[in-house]
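Subject: A structure to look over

Hi,

Here is the structure I promised to pass on. Have a look at it first, and then read my notes below.

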Amino acid sequence: MRAAWAIVRRELQGELRSREIIPTILVFGALVVVVMNFAFEPSREESERIAPGVIWIAIAFAGILGLSRSAALDEENAALDGLLAAPVERSSLYHGKLLANCAFLLVAEVVLVPLILVLYNLAAWRTLVALAPTIVLGTIGFAAAGTIFATIAANSKLREVLLPILLLPVVIPVFLAAVEATGIVIRNEGVRYLYSWLRILAVFDLVYIVASSLLFEFVVED
Amino acid sequence: MISWRGVRKEFGRTVALRGVDLTVEAGKTVLLLGANGAGKTTLLRIGAGLSRPTEGDVAIAGVPSRETVARARVGYLGHATHLYASLTPLENLLFAARLYGVADATARAIRLLDEAGVGRRAREPVARLSRGTQQRVALCRALLHEPAILLFDEPFTGLDPDGVSLLSARVRAHAAGGGAALLSTHDLDAGLAVADEVVVLARGRVAAARAAAGLDGRAIRALYDEASAA
């Protein structure tokens, strides 16, 4: 884990200096949310129905930009080769990138999710607190698959196009479970149903993390 | 100290290396020459554990080069600098030090940067530095963990005459201290000044290998042309 934490530290250090990733996620996510709000002009009932989808569409589209940028930074000056030459397990490199990407997404979501709830007249402390486990688990699943696919796409000239095409089909189960869990929280439908979706999210997170840890080595080597 | 045995590398239908056998002994510096596409970069990348050979293997002091313990003994410098542009030279070196588990990293990094003539700019973002200055920092990064083996791909890129002298002195000192080095370069004079042996790659094979003593630029050129034409 020494290497993974070193990578997290470097990623955060780089982001504090350049401010490239989190503002990108935030601005694009906010634009998606505002455009959808103007498009639907929802009533209270409609808001409860569509807000879960809006939250995860914003996270997906804005997050893809952030993941793509994060991987692109490793390609500049072939910095990734410097990491691969170091005496650390490839899986540690993946874990470090995953933790950093989760941190970037979660920081952006701390602003984005309340913004969505305010715009859709659903803001309440209870909702925000109850949404936290869903947001965290959904973000981990998205970032777990996104980190490895962003690394694959970063080697391509079509990286911005390739990443969503590769990633979105794979993370559909995560988004379906996350949207369902978010809807249950917003509509206050009961903890029992929420837990079942959270368990599904946790299983997908685990599957994506384990599979990506095993595959990362083959993705980054010629 | 580092040896490639029957190394073949294919990228789809393209064959980059066709059964290369090469050994760099401790205390020796080998100059790797060859035309563009001869396979030099691929050979170095496989040695550094960045690429898997399709066939054959690379051993570093008897350990497969893809093992983490083997990678700890290699200082690799590729075509690019491997530096993060938003970080400073010092931050880049401290990051590398954490990956390599270097003790007393800050003092060592500052000393290396001072010796490389970039100490005054150690706290500026790398993006603001010239290519030559970045190359000096990249050299410091490759030497930070005191590797036994240097694998340098076009290390003279962007360096001014002082920088070339600095790098040459570093490579000579490395060999004098019992280290092994394999350098790929098109700068024949700079390469010959530090080499004990010259190896020419042509179309993925070792086409010629000679002791560097007594060779000059013209002799190297002839060797190079002869190997490329064979």
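A definition to begin with: helices (H or I, at least four residues) and strands (E, at least two) are DSSP runs, numbered from the N terminus. With that in hand, chain A reads α-α-α-α-α-α-α-α along its sequence, which comes to 8 helices and 0 strands.

Some housekeeping before going on. This is a predicted model, where local features need pLDDT of at least 70 and side-chain atom pairs count only at pLDDT 80 or more, while totals for chains, interfaces and linings use all residues. Residues are numbered from 1 along each chain as its sequence is written, chains are lettered from A and ligands numbered from 1 in the order in which they are written, and side-chain values use heavy atoms, with hydrogens and water left out.

**The two chains**

Back to chain A. Its radius of gyration (taken over C-alpha atoms) is 18 Å, close to the 17 Å that the globule rule gives for 222 residues, so chain A is as compact as a globular protein of that length. The rule itself is 2.2 Å times the number of residues to the power 0.38. Along the principal axes, the C-alpha atoms of chain A fill a box of roughly 55 × 35 × 30 Å. Of its 222 residues, 50% are buried, where buried means under 20% relative accessible area, exposed over 50% and partly exposed in between (1.4 Å probe, protein chains only). As for contacts (heavy atoms within 4.5 Å), take those in chain A between residues at least 6 apart in sequence: 82% of them join residues at least 24 apart.

Chain B has both kinds of element, with 8 helices and 10 strands. The radius of gyration of chain B is 17 Å, close to the 17 Å from the globule rule for 230 residues, so this chain too is as compact as a globular protein of its length. Its C-alpha trace spans about 50 × 40 × 35 Å along the principal axes. Buried residues come to 55% of the 230 in chain B. Of the contacts in chain B with a separation of 6 or more, 67% are between residues 24 or more positions apart.

**Empty space**

Rolling a probe the size of a water molecule over the atoms shows where empty space is left. On a 1 Å grid over the protein atoms alone, a cavity is a set of points where a 1.4 Å probe fits but cannot get out, and a pocket is an open set with protein on both sides within 12 Å along at least five of seven lines; lining residues have an atom within 4 Å of a point. Points are joined across faces, edges and corners, and a volume is the space filled by probe spheres set on them.

How many cavities of 30 Å³ or more does the structure hold? There are 2. The largest has a volume of about 70 Å³, and its lining includes D74(A), E75(A), K97(A) and F216(A). At least two lining residues come from each of α3 (44–75), α4 (79–85), α5 (90–119) and α6 (125–154) of chain A, and α3(A) gives the most, with 3. By class, the lining has 6 nonpolar, 1 polar and 3 charged residues. (Ala, Val, Leu, Ile, Met, Phe, Trp, Tyr, Cys and Pro count as nonpolar, Asp, Glu, Lys and Arg as charged, and the others, Gly among them, as polar.)

The second largest cavity, at about 40 Å³, is lined by G82(A), A85(A), Y76(B), Y100(B), R141(B), A142(B) and H145(B). Two or more of these residues come from α4 of chain A and likewise from α5 (131–143) of chain B.

The largest pocket has a volume of about 230 Å³. Its lining has 2 nonpolar, 3 polar and 7 charged residues, including E217(A), E221(A), R66(B) and R71(B). α8(A) gives the most to this lining, with 3 residues.

**A few single residues**

The structure has 0 disulfides over all chains (pairs of cysteine sulfur atoms within 2.5 Å). C102(A) is buried at 10% relative accessible area, and C140(B) is buried at 3%.

Finally, G39(B) sits in the loop between β3 (29–34) and α1 (40–47) of chain B and is buried, at 8% relative accessibility. Leaving aside neighbours within four places in sequence, G39(B) is in contact with A16(B), L17(B) and L201(B).

Cheers
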